[in-house]
Protein chains: 2
Amino acid sequence: MREAYHSELGQLADQLAAMCAMVGDAMELATRALLETNLSLAEQVISGDEKIDDARSACEEHAYSLLALQAPVATDLRTVLAAIHAAESLERMGDLALHVAKAARRRHPNPVLPDGVRESFAEMGRIAVSLARGTESVIRSQDVAAARALDDADDEMDDLHRGLFSVIMAKDWPHGVAAAVDVTLLGRFYERYADHAVSVAKRVVFVVTGRMPGASDDLEP
Amino acid sequence: MREAYHSELGQLADQLAAMCAMVGDAMELATRALLETNLSLAEQVISGDEKIDDARSACEEHAYSLLALQAPVATDLRTVLAAIHAAESLERMGDLALHVAKAARRRHPNPVLPDGVRESFAEMGRIAVSLARGTESVIRSQDVAAARALDDADDEMDDLHRGLFSVIMAKDWPHGVAAAVDVTLLGRFYERYADHAVSVAKRVVFVVTGRMPGASDDLEP
């Protein structure tokens, strides 16, 4: 029973790691679509989102069957529920990458981003993808210290996000209201993606160690 | 065993109904804080958010103990998991009301909303609160038809949200970039709140009937 449970749990962790890879790829392509005004990359992310949704359903089904067949209690039970929550957050990360891609498609052949904020988005994209990759490697390596390092990347993201607002709100923003609205929403997508990534990392640390790192995994909306 | 399970599940549904009432109140007050530039109402929502977070934790703990003690399978298991997901969405609705309240506080004593969009936000607030109240009454009455009616309110919200963008993006928007950014984010908070409310309603229909209404409960981010 315990052995079966641990083998099932290992497979569930593998499924979560695969989802991390998928949402990391999606955000990498979506950011390139945005920066390079590349319609076919945007389309690739948009049509790929269904696979991420399917992977989440598969994770949930696996977790449900684990609960039904093994009826785990105490920490084991919380571990499976953490995996279900992590899969939900990963699907949301996929949705956020999808929204970046849709913004790129909506304005095509015009670029969404004015020149003054391109660098910030390149950096936010880099951090977002590294958070997804880092979370994947936390699952595969079970390295809890690596999970904590992800918090620093999230702080960087928050700084970039705040910096973006200063740029948009500055009196001399020359790009008009429509560009400001696009940049506001896009900035929010990246910031939310990073928050979800950190929440997933904390939950998978729980899944692989049975302990939740830090007191709080509250998310800003 | 079955009787104990159903009594526990009934209590869990009551907890969800109470959370609906809390997040409905929070959004009602936050909207008034926004429209009336009322700092003390904003503070009330901000300090009240902790109670909503606690209510979510209590729901989760109750659900966990139900899983651990009763080890439900099949539909019973999915029902408890739907309740856990619903509690999570309700906490997010509380967070979104909190963000509206924080926006009102940030700009105080200045109003956040320019005159041209006040009517829209009054209406979005009305719909958001009615969605929370409607969800509460679906839980209490177990009236599945009432849950379906919530979809119409959500469509209204989406229309208002789209209308808001047309207003902001219009060439003659006279209120500048900062106001446009505030209105963009606030509009998103209301629209997300409504999406979550509909998702909660669908899940509680599942909790009270064992059947999920509609094929999809996908959420926009």
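Is Glu136(B) buried or exposed? Glu136(B) is buried, at 17% relative accessible area (buried is under 20%, exposed over 50%, partly exposed in between, with a 1.4 Å probe and protein chains only).

The model is predicted: local features need pLDDT of at least 70 and side-chain atom pairs count only at pLDDT 80 or more, while totals for chains, interfaces and linings use all residues. Residues are numbered from 1 along each chain as its sequence is written, chains are lettered from A and ligands numbered from 1 in the order in which they are written, and side-chain values use heavy atoms, with hydrogens and water left out.

**View 1**
The side chains of Glu136(B) and Arg140(B) meet in a salt bridge, 3.4 Å from N to O (a side-chain nitrogen of Lys or Arg within 4 Å of a carboxyl oxygen of Asp or Glu). Both residues lie in helix α4 of chain B, residues 115-141 (helices are DSSP runs of H or I, at least four residues, and strands are runs of E, at least two, numbered from the N terminus). Four residues separate Glu136(B) from Arg140(B), about one turn of the helix. In chain A, salt bridges with shared partners join Arg56(A), Glu60(A), Glu88(A) and Glu91(A) into one network.

An α-helix has 3.6 residues a turn, so residues three or four places apart point the same way.

Over all chains, the structure holds 32 salt bridges. One of them joins Arg126(A) to Glu156(A), with the closest N and O atoms 3.8 Å apart. Arg126(A) sits in helix α4 of chain A and Glu156(A) in helix α5 of chain A (residues 144-169), so the pair ties together parts that are 30 residues apart in sequence. Arg126(A) is partly exposed, at 45% relative accessible area. Glu156(A) is also partly exposed, at 38%.
In chain B, Glu88(B) bridges to Arg56(B), and the closest N and O atoms are 4.0 Å apart. This pair links distant parts of the chain: Glu88(B) belongs to helix α3 of chain B (residues 74-107) and Arg56(B) to helix α2 of chain B (residues 39-70), 32 residues apart. Glu88(B) is buried, with 15% relative accessible area. Arg56(B) is buried too, with 13%.

**View 1. The length of helix α4 in chain A.**
Helix α4 of chain A has 27 residues, 115-141. At 1.5 Å a residue they should span 39 Å (the expected span is 1.5 Å times one less than the number of residues). The end C-alpha atoms are 39 Å apart, which agrees. Just after α4(A), Gln142(A) takes a positive phi of about 55°.

**View 2. Phe121 in the nonpolar core.**
The largest nonpolar core has 165 residues (a core is a set of buried Ala, Val, Leu, Ile, Met, Phe, Trp, Tyr and Cys residues joined through side-chain atoms within 4.5 Å). Phe121(A) and Phe121(B) touch the most other members. Beyond four places in sequence, the contacts of Phe121(A) include Thr31(A), Leu34(A), Leu35(A), Leu113(A) and Leu164(A) (contact means heavy atoms within 4.5 Å). Val183(A), Leu186(A), Gly187(A) and Tyr190(A) are also among them.

**View 3. Edge-to-face rings.**
The structure holds two aromatic pairs over all chains (rings of Phe, Tyr and Trp, the last by its six-membered ring, with centres within 6.5 Å; planes under 30 degrees apart are stacked, over 60 edge-to-face and the rest tilted). Phe121(A) and Tyr190(A) form an edge-to-face pair, 5.6 Å centre to centre, with 70° between the planes. Phe121(A) lies in helix α4 of chain A and Tyr190(A) in helix α6 of chain A (residues 176-209), so the pair ties together parts that are 69 residues apart in sequence. Phe121(A) is buried, at 0% relative accessible area. Tyr190(A) is buried, at 0% relative accessibility.
Phe121(B) and Tyr190(B) form an edge-to-face pair, 5.6 Å centre to centre and 70° between the planes.

**View 4. The surroundings of Thr79(A).**
Thr79(A) has its place in helix α3 of chain A, residues 74-107. Thr79(A) is buried, at 3% relative accessibility. Leaving out residues up to four places away in sequence, Thr79(A) touches Tyr5(A), Leu9(A), Phe206(A) and Val207(A).

**View 5. Two copies and their axis.**
The same surface serves both copies: 100% of the contact residues of chain A recur in chain B.
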